[in-house]
Amino acid sequence: MRDCATRSAASAIAETPLYLYDVIAYHNNYRKRLGMKNPLDSLGQTVLIGFILAAVAHLLISAFSA
Amino acid sequence: MFVTHEWWEFAFRWLHIISGVMWIGLLWYFNFVQTPSMPKIPDEQKPAISKVIAPTALFWFRWGAMATIITGLILAGMSGYLLSAIKLGIGDHVGKNSAIGLGMWLGAIMWFNVWFIIWPNQKKALGIVNATPDEKKVAARTAGLTSRVNTMLSVPMLYCMASASHYFAITG
């Protein structure tokens, strides 16, 4: 039973990057079909996402140290 | 007079900042200055950038990244928060360690990108190693996008680094 659970957990961990890749690939194809550009091609959008990530970082730090 | 633990700790912080300025300064030069300017440069003048300026800038860029991470790890070890920072300060209830830890992980991702994605692809794109025209095109795109990812991550990374001492160390 435990072996089965361990195998399932290991399998889930091993496959997670593949699922993430699928999500990213699906998003990229969807974006291309809509004619949207990669936000990283725009310097302004790159910096804007950076500022949003800084706000996320602040929340994470507060959560980690609570 | 100088041979105190506090002075050496300060000296490594100073070296960490110097090498960090070299690294992130050149990252922002590539993204804010060189890449947007390339389409405006006449074709016959482009080799001045691709054959002379970019290889030199990339040398200081990747070794600046290496010096930043090495001096940062030494500094964290000397200051006694290395292990706490690696586990993001979880369970320690010290905001400063969580902040510096998150900044360290972001910096480590950026360092990995420099050495294992940007530099190998730039070598192909700039003709430092042999590559077909198609391979050069793909390599230039991969290096450019990864450089943009690092520019994006540099904003929260610096927020974490600066707020550790100048916000979370004060507010707890």
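In this predicted model, 14 residues of chain A are in contact with 23 residues of chain B, contact meaning that the C-beta atoms of two residues, placed from the backbone, lie within 7 Å. On the side of chain A that touches chain B, eleven residues are nonpolar, three are polar and none is charged. In this classification Ala, Val, Leu, Ile, Met, Phe, Trp, Tyr, Cys and Pro count as nonpolar, Asp, Glu, Lys and Arg as charged, and the others, Gly among them, as polar. Residues are numbered from 1 along each chain as its sequence is written, while chains are lettered from A and ligands numbered from 1 in the order in which they are written. Local features need pLDDT of at least 70 and side-chain atom pairs count only at pLDDT 80 or more, whereas totals for chains, interfaces and linings use all residues.

Chain A has two helices and zero strands; helices (H or I, at least four residues) and strands (E, at least two) are DSSP runs, numbered from the N terminus. Of its 66 residues, 9% count as buried. A residue is buried if 20 or more other C-beta atoms lie within 10 Å of its own, exposed if 12 or fewer, and partly exposed in between, with C-beta atoms placed from the backbone.

Two packed helices are described by the angle between their axes and the distance between the axes. Here the axes are lines fitted to C-alpha atoms, for helices over the stretch in contact, and angles run from 0 to 180 degrees between N-to-C directions. With helix 4 of chain B, helix 2 of chain A forms an angle of about 135°, the axes being 8 Å apart. The two helices are therefore oblique to each other; angles under 35 degrees count as roughly parallel, over 145 as roughly antiparallel, 65 to 115 as roughly perpendicular and the rest as oblique. Their crossing is right-handed, a crossing being left-handed if the near helix is turned anticlockwise from the far one by less than a right angle, and right-handed if clockwise. A:A57, A:L60, A:I61 and A:F64 of helix 2 of chain A meet B:G95, B:S98, B:A99 and B:L102 of helix 4 of chain B. Six of these contact residues are nonpolar, two are polar and none is charged.

With helix 5 of chain B, helix 2 of chain A packs at an angle of about 40°, with the axes 8 Å apart, and this crossing is right-handed. Among the contributors from helix 2 of chain A are A:T46, A:G50, A:A54, A:A57 and A:I61, and those from helix 5 of chain B include B:R148, B:P156, B:C160 and B:F168. The residues of this contact comprise 13 nonpolar, four polar and one charged.

Within chain B, helix 2 (residues 46-79) and helix 4 (residues 95-125) pack at an angle of about 155°, with their axes 10 Å apart. The two are therefore roughly antiparallel, and they pass each other in a left-handed crossing. The contact involves, among others, B:F61, B:R62 and B:G72 of helix 2 and B:W111, B:V114 and B:W119 of helix 4. Eleven of its residues are nonpolar, three are polar and one is charged.

The largest nonpolar core has 37 residues, of which B:F61, B:A99, B:I100, B:L102 and B:C160 touch the most other members. Such a core is a set of buried Ala, Val, Leu, Ile, Met, Phe, Trp, Tyr and Cys residues joined through C-beta atoms within 7 Å. Helix 2 (43-64) of chain A gives two or more residues to this core, as do helix 1 (5-37), helix 2, helix 4 and helix 5 (133-171) of chain B. Not counting residues up to four places away in sequence, B:F61 touches B:W23, B:L26, B:L27 and B:V114.

B:L88 has a positive phi of about 60° although it is not a glycine, and B:L88 counts as buried because it has 21 C-beta neighbours inside 10 Å. B:H93, also not a glycine, has a positive phi near 55°; with 12 C-beta neighbours inside 10 Å, B:H93 counts as exposed.
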